[in-house]
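Morning, everyone. Let's look at one structure together, starting with a helix and ending with a sheet.

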Amino acid sequence: MGQYKTEAILLVVRDWDDNSRMVTLFSRDFGKISAVAYGARRPRNQMAGTIQPFVQADLSLLPGKTYDSIRQCEIVSSFRDIREDLTKMAYANFLAELVIELWPEREAEPAVFELLLGALTMMKTRNPRITALAGALQLLTLAGFSPSMTECATCGEALILPAAFEVAAGGAVCLHCAQSGANEFSCEAAAFCSRLLGLDWQNPGSFSVTGAVLMQTEKILSEFITYCLDKKLKSLAFIAAIS
Ligand SMILES: [Zn+2]
């Protein structure tokens with residue numbers, strides 16, 4: 001295969017050598033790709049200002065033995081507002097890390113590309129915590145890891161709220177099945193999660209959620225993600241450190 005083009009969102013950018021950067025990107029046509037941007041650390045290089053996290057760009061790539069290389073990067077949307085805000089950056093990094101963990105290289109998943117784009121667009125102007133929760137729940141669902149929230153994950157009966165949430169059971173459980181020490185899953189948290197799952201990125205609408213419900217939802221979802229992936233995301237530790 002010769003040089004090819006695709007639209008992509010750059011997820012992680014790190015230094016590769018004195019001149020170049022290594023990029024993990026999610027493309028519309030080919031899914032996740034690791035690629036080297038040769039020369040991108042040289043100030044006069046045309047890619048110097050464009051190879052940055054969360055840039056949406058039209059890329060030209062050349063296949064390589066180990067890694068493809070980025071030959072051209074034309075910005076479609078810079079998402080600079082996210083890079084200039086530590087909190088937004090932290091939550092966008094969380095979604096990026098989740099995508100990187102959930103999908104292997106070169107598995108085309110246009111719905112994930114669209115979701116990332118919608119979430120980054122919403123993140124620019126809206127509450128980054130709510131945006132990240134909606135993004136995470138919808139990503140988990142696309143990856144086939146969606147937590148059970150309308151039926152008890154243990155006995156399968158329709159869930160009566162308030163209930164409990166147990167990551168090891170796979171989601172919400174009824175109070176009969178709940179083990180001691182399980183997280184609470186309140187009526188408000190259930191309604192909030194259902195709103196996040198159905199969120200339309202083109203038209204997110206307004207949210208009214210209390211700080212307590214937001215915190216409860218963050219707690220159960222981050223525990224659920226840690227359980228599903230069998231590892232703690234670095235971005236979640238960073239978010240905990242700055243909140
Ligand atoms: Zn049950």
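Start with helix α6, residues 211-229. It has 19 residues, and at 1.5 Å a residue those should span 27 Å. The end C-alpha atoms of α6 are 27 Å apart, so the two values agree. Keep in mind that this is a predicted model.

Now, which residues of α6 are buried? There are Thr217, Ile220 and Leu221, and also Phe224 and Ile225. They cover an arc of only 135 degrees around the axis, so they sit on the same side of α6. Why does such spacing work? An α-helix has 3.6 residues a turn, so residues three or four places apart point the same way.

What about the other side of α6? There, Gly211 and Ala212 are exposed.

Next, what do the buried residues of α6 pack against? The helices are α2 (86-102), α4 (128-142) and α5 (187-197). The strands are β6 (163-166) and β8 (183-185). And what follows α6? Aspartate 230 does, and its phi is positive, near 60 degrees.

**The sheet**

Two of those packing partners, β6 and β8, take us to the sheet. It is open, with 3 strands in the order β7-β6-β8, and the pairing is antiparallel. β7 (171-173) and β8 are the edge strands, as each pairs on one side only. On average, neighbouring strands here are turned by 45 degrees against each other, direction ignored.

Look at β6 and β8. They run antiparallel, and 3 bridges join them. Which residue stands opposite alanine 164? In β8, that is glutamate 184.

Technical notes. Residues numbered from 1 in each chain as written. Predicted model: local features only at pLDDT ≥ 70, side-chain atom pairs only at ≥ 80, totals over all residues. Helix = DSSP H or I, 4+ residues; strand = E, 2+ residues; numbered from the N terminus. Expected span 1.5 Å × (residues − 1). Buried ≥ 20, exposed ≤ 12 C-beta atoms within 10 Å, placed from the backbone. Arc of directions from axis to C-beta. Contact = placed C-beta atoms within 7 Å. Pairing = 2+ DSSP bridges. Axes fitted to C-alpha atoms, helices over the stretch in contact; angles between N-to-C directions.
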